[in-house]
Amino acid sequence: MPISNIRIGIVGCGSVARLHANALKKIKQADIKAVVDINEERAKKFANRFKIKSYYTSLKDMLMQEKIEAVSILTPPQTHHKLAIEAMKAGKHVLVEKPLCITLKEVEDMIKVSEKNSVILFPIEQFLFTPAMQEVIKLISSEKAGKVINIYTYASISPLVAQLKGNILPKWMYTLPGGIYGEEISHSLYTTLKILGENIDKIHVSCVGKRDSNVLPFSELRILLEGKNKSARIIMTTRTKAGHTLLTMIINCEKYTIIVDPPLSLSLLRDYTLSRIKQATFFTKSFLSNIFNNIISAITSKIYEGCSWEAANRAFIKSIIENRDPPITKEEAREWVRITELIWKTLSLIR
């Protein structure tokens, strides 16, 4: 019989788990049955807060005692590989927070186990579900803008630097390859690679303001990705005064240049095939439409809708119910893990 209600176990009861729990509570096909955390008091408080019946201190115990179909792995990235494989070997579909894992070998292990046990491996890449990114993906796929030539992606990680200075940065980031950059780089990579749509043959990496720190090894990271016909530049910097993590992309195509800001659901279009006057009219119309939509979203408190964990969790639940591959493929996840590992190895942050 088709499954219409997905029973879920949450592993990890930190701050990101609260976001996932709030998201799952809004999805009528989702039912959180239990939570796991190595800190029993934290697991108990989390369960009480979200009115979840059971809590455990080990994934093994939850898998043995609970009837569930899926597990959300929301622990530090260094633990994702082991926990996801344990859940998938038990026949559970898994959603895994970013970064999915640390190394290429780990992601290949995870893919192999998911395929062997016929379960879904769903990496969190929530910016792909924003209205702006969905619009751009659809536009690129339609070939209306022409083929993609190159992409420029810019990200600020200043908010995490502020947490570091305030001594409130999660301790696991101190041992993560790339430190703060290792936590944030997946957003820049998965959005860029999704639009680029081409295998990467060469990677060039440099950094500015190198520091003697594992958690903040430099002030700015610069990446050049080269495919056969396309290329992408990614800049991740601490050298801004941004109060929020920023991610902006400029996508140059044969006919259009597209400016997209996923968190704000902003996508501006410029059609270079038009006359100068028509270009100005086309761009202005795109600008005004975006401003109007963002004002309405702000008034209705939906400015980040689609960038939320709710959108990603809905896609995960839908994939299970409909028994089909998730919108983020294993190959896509493998590629950004592969590139991330190469970046850290190039900078000698993985030995």
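Which residue in β10 is the bridge partner of I151? The partner is A232. The legends below describe close-up views of a predicted model.

**View 1. The seven-stranded mixed sheet.** Seven strands make up an open sheet with mixed pairing, ordered β8-β9-β10-β7-β11-β12-β13. The edges are taken by β8 (202-208) and β13 (266-271), each of which has a single partner strand, so one side of each is left without a neighbour in the sheet. On average, neighbouring strands of this sheet are turned by 10° against each other, direction ignored.

View 2. Strand β7 (residues 148-156) runs parallel to strand β10 (residues 231-237), and seven bridges join the two. One of the paired positions is I151, whose partner in β10 is A232. Helix α6 (residues 131-142) packs on this sheet and touches β7, β11 (246-253), β12 (256-261) and β13. The direction of α6 makes about 160° with that of β12. Helix α8 (residues 180-196) also packs on the sheet, where it touches β7, β9 (220-226), β10 and β11. Between the directions of α8 and β10 the angle is about 155°.

**View 3. Strand β11 and its two partners.** β11 pairs with β7 in the antiparallel sense over eight bridges, and Y152 stands opposite I250 of β11. β11 is also antiparallel to β12, to which four bridges join it. N252 has T257 of β12 as its bridge partner. Two residues lie between β11 and β12 in the hairpin that these strands form. In a regular strand, side chains alternate between the two faces of the sheet. Along β11, L247, M249, I251 and C253 point to one face and are buried.

**View 4. The crossing of helices α7 and α8.** The axes of α7 (residues 158-165) and α8 come within 10 Å and cross at roughly 160°. An angle over 145 degrees counts as roughly antiparallel, which makes α7 roughly antiparallel to α8. The crossing is right-handed. L160, V161 and L164 of α7 make the contact with I180, E183 and E184 of α8. By class, this contact has four nonpolar, no polar and two charged residues.

**View 5. K228 in the loop between β9 and β10.** Where does K228 lie, and is K228 buried or exposed? K228 is found in the loop between β9 and β10 and is exposed, with a relative accessible area of 73%. Leaving out residues up to four places away in sequence, K228 touches E198, N199 and D201. The C-alpha atoms of K228 and E198 are 7.7 Å apart in space, while the two residues are 30 residues apart in sequence.

**View 6. The six-stranded parallel sheet.** Another open sheet consists of six strands in the order β3-β2-β1-β4-β5-β6, with parallel pairing. β3 (54-56) and β6 (121-123) are the edge strands, each pairing on one side only. From one strand to the next, the twist averages 25°. Strands β4 (residues 70-73) and β5 (residues 93-96) run parallel and are joined by four bridges. V71 has V94 as its bridge partner in β5. Helix α4 (residues 80-89) lies across β1 (6-11), β4, β5 and β6. The helix runs at about 160° to β5.

Terms used. Residues are numbered from 1 along each chain as its sequence is written. This is a predicted model: local features need pLDDT of at least 70, side-chain atom pairs count only at pLDDT 80 or more; totals for chains, interfaces and linings use all residues. Side-chain values use heavy atoms; hydrogens and water are left out. Two strands pair if DSSP finds at least two bridges between them. Axes are lines fitted to C-alpha atoms, for helices over the stretch in contact, and angles run from 0 to 180 degrees between N-to-C directions. Contact means heavy atoms within 4.5 Å. Buried means under 20% relative accessible area, exposed over 50%, partly exposed in between (1.4 Å probe, protein chains only). Angles under 35 degrees count as roughly parallel, over 145 as roughly antiparallel, 65 to 115 as roughly perpendicular and the rest as oblique. A crossing is left-handed if the near helix is turned anticlockwise from the far one by less than a right angle, and right-handed if clockwise. Ala, Val, Leu, Ile, Met, Phe, Trp, Tyr, Cys and Pro count as nonpolar, Asp, Glu, Lys and Arg as charged, and the others, Gly among them, as polar.
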